[in-house]
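Me: I have a structure to go through with you. Please take my questions one at a time and keep the answers brisk.

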Amino acid sequence: MEPATTRKRRTGSLRAAHHRGQFCVLALAALLFPAAVIPSWAQASPSEEYQIKAAFLFHFAQFVEWPEGAFKDGNSALTYCTVGGDPFRGALDDGLRAKVIGERGIRVEHLKQLDAVHDCQIVFIGAAQSKNAASILASVKGDPVLTVGETPHFAEDGGMIGFCLEGNKIRFEINAGAVSAAKLKMSARLLTLAKTVIGTAGGN
């Protein structure tokens, strides 16, 4: 009979593997189906919703180019940041662990203050930050930071990618003008997947 500690480690490894597999499925769904279906919005748990959004975030980065100078050096990781806590409750950290974008590793930071937001390449603004969304967007205005949010009218209010709900599907809107103003280049493919595109941007 194997020791309890061995069983515990094996169980933890199996759970981690299951989670990684689940994230890969969600990531593939997010890539192939821009309107990612959740089982039933009335019945879906917050964890399911944020696993899907985490998958979207991973793929958004694959369709965006940051300008020279956005990273400290060629070895710097691509940094995802949330502000004011972690609405993903670990799903973003777990889903992005050991993944890469191009040749860059990925790290996730959960910021309590805006001091370090300029060191992020992607900033997610959760619904709990609705009252602070405008000030957060203002703090990174002109910086090469991809802003993604879920507050109502996020893209219309100057954010770059805003999640929205359409029936039981999670979709997203893009403010292409805000993307261009930040000197980011967004793939035309991502623009075509959006529910709505505001303004214009240089895609590739």
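What follows is a set of questions and answers on this predicted model.

Me: How many helices and strands are in the protein chain?
Reply: The model is predicted. Its protein chain has 204 residues, of which 46% count as buried. The secondary structure comes to six helices and eleven strands.

Me: Among contacts between residues at least 6 apart in sequence, what share joins residues at least 24 apart?
Reply: The contacts counted here are in the protein chain, between residues at least 6 apart in sequence. Those that join residues at least 24 apart make up 59%.

Me: What part of the accessible surface belongs to carbon and sulfur atoms?
Reply: The accessible surface of the protein chain comes to about 10,700 Å². The part that belongs to carbon and sulfur atoms is 53%.

Me: Which cysteines form a disulfide?
Reply: A search of the whole structure finds one disulfide. A pair needs sulfur atoms within 2.5 Å. Here the sulfur atoms are 2.0 Å apart, and the residues are Cys-81 and Cys-120.

Me: Where do Cys-81 and Cys-120 sit in the chain, and how many residues apart are they?
Reply: The disulfide of Cys-81 and Cys-120 links distant parts of the chain. Cys-81 is in strand 3 (residues 78–83). Cys-120 is in the loop between strand 5 (104–111) and strand 6 (122–125), and the two are 39 residues apart.

Me: Is the disulfide of Cys-81 and Cys-120 left-handed or right-handed?
Reply: Cys-81 and Cys-120 are both buried. The torsion about their S-S bond is about -90°, so the disulfide is left-handed.

Me: Is Cys-164 buried or exposed?
Reply: The cut-off for buried is under 20% relative accessible area. Cys-164 has 19% relative accessibility, so Cys-164 counts as buried.

Me: In which sense do strand 3 and strand 5 pair?
Reply: Strand 3 and strand 5 pair over six bridges. Thr-82 stands opposite His-110 in strand 5. The sense of the pairing between strand 3 and strand 5 is parallel.

Me: Which residue in the turn between strand 4 and strand 5 has a positive phi?
Reply: Strand 4 (residues 100–101) pairs with strand 5 in the antiparallel sense over two bridges. Val-100 stands opposite Gly-105 in strand 5. Strand 4 and strand 5 form a hairpin with two residues between them. The turn residue with a phi of about 65° is Gly-102.

Me: What separates the C-alpha atoms of Ala-91 and Tyr-50?
Reply: Ala-91 is in helix 3 (residues 91–96). Ala-91 counts as buried, because its relative accessibility is 8%. Ala-91 and Tyr-50 are 41 residues apart along the chain, and their C-alpha atoms are separated by 7.0 Å.

Me: Which residue forms a salt bridge with Asp-94?
Reply: The count comes to six salt bridges. Asp-94 is partly exposed at 31% relative accessibility. The closest N and O atoms are 2.9 Å apart, and the partner is Arg-97.

Me: What is the N to O distance in the salt bridge of Glu-109 and Arg-107?
Reply: Glu-109 is partly exposed, with a relative accessible area of 31%. Arg-107 is partly exposed too, at 40%. Their side chains meet in a salt bridge at 3.2 Å.

Me: Is Arg-171 buried or exposed?
Reply: Arg-171 forms a salt bridge with Glu-166, the closest N and O atoms being 3.3 Å apart. Glu-166 is partly exposed, with a relative accessible area of 32%. Arg-171 has a relative accessible area of 17%, so Arg-171 is buried.

Me: Why is the pair of Phe-56 and Phe-163 edge-to-face?
Reply: The count comes to nine aromatic pairs. The ring centres of Phe-56 and Phe-163 are 5.7 Å apart. Planes over 60 degrees apart count as edge-to-face. The pair is edge-to-face because its planes are at 65°.

Me: Where are Phe-56 and Phe-163 in the chain, and how many residues apart are they?
Reply: Phe-56 and Phe-163 are both buried. Phe-56 is in helix 2 (residues 46–62).

Me: Which residues form one aromatic cluster?
Reply: Phe-56 and Phe-163 both belong to the cluster. Its members are Tyr-50, Phe-56, Phe-60, Phe-88, Phe-124, Phe-163 and Phe-172.

Definitions and conventions
Residues are numbered from 1 along each chain as its sequence is written. This is a predicted model: local features need pLDDT of at least 70, side-chain atom pairs count only at pLDDT 80 or more; totals for chains, interfaces and linings use all residues. Side-chain values use heavy atoms; hydrogens and water are left out. Helices (H or I, at least four residues) and strands (E, at least two) are DSSP runs, numbered from the N terminus. Buried means under 20% relative accessible area, exposed over 50%, partly exposed in between (1.4 Å probe, protein chains only). Two strands pair if DSSP finds at least two bridges between them. Contact means heavy atoms within 4.5 Å. Accessible areas come from the Shrake-Rupley method with a 1.4 Å probe; for residues, only the protein chains shown count as cover. A salt bridge is a side-chain nitrogen of Lys or Arg within 4 Å of a carboxyl oxygen of Asp or Glu. Rings of Phe, Tyr and Trp (its six-membered ring) pair if their centres lie within 6.5 Å; planes under 30 degrees apart count as stacked, over 60 as edge-to-face and the rest as tilted.
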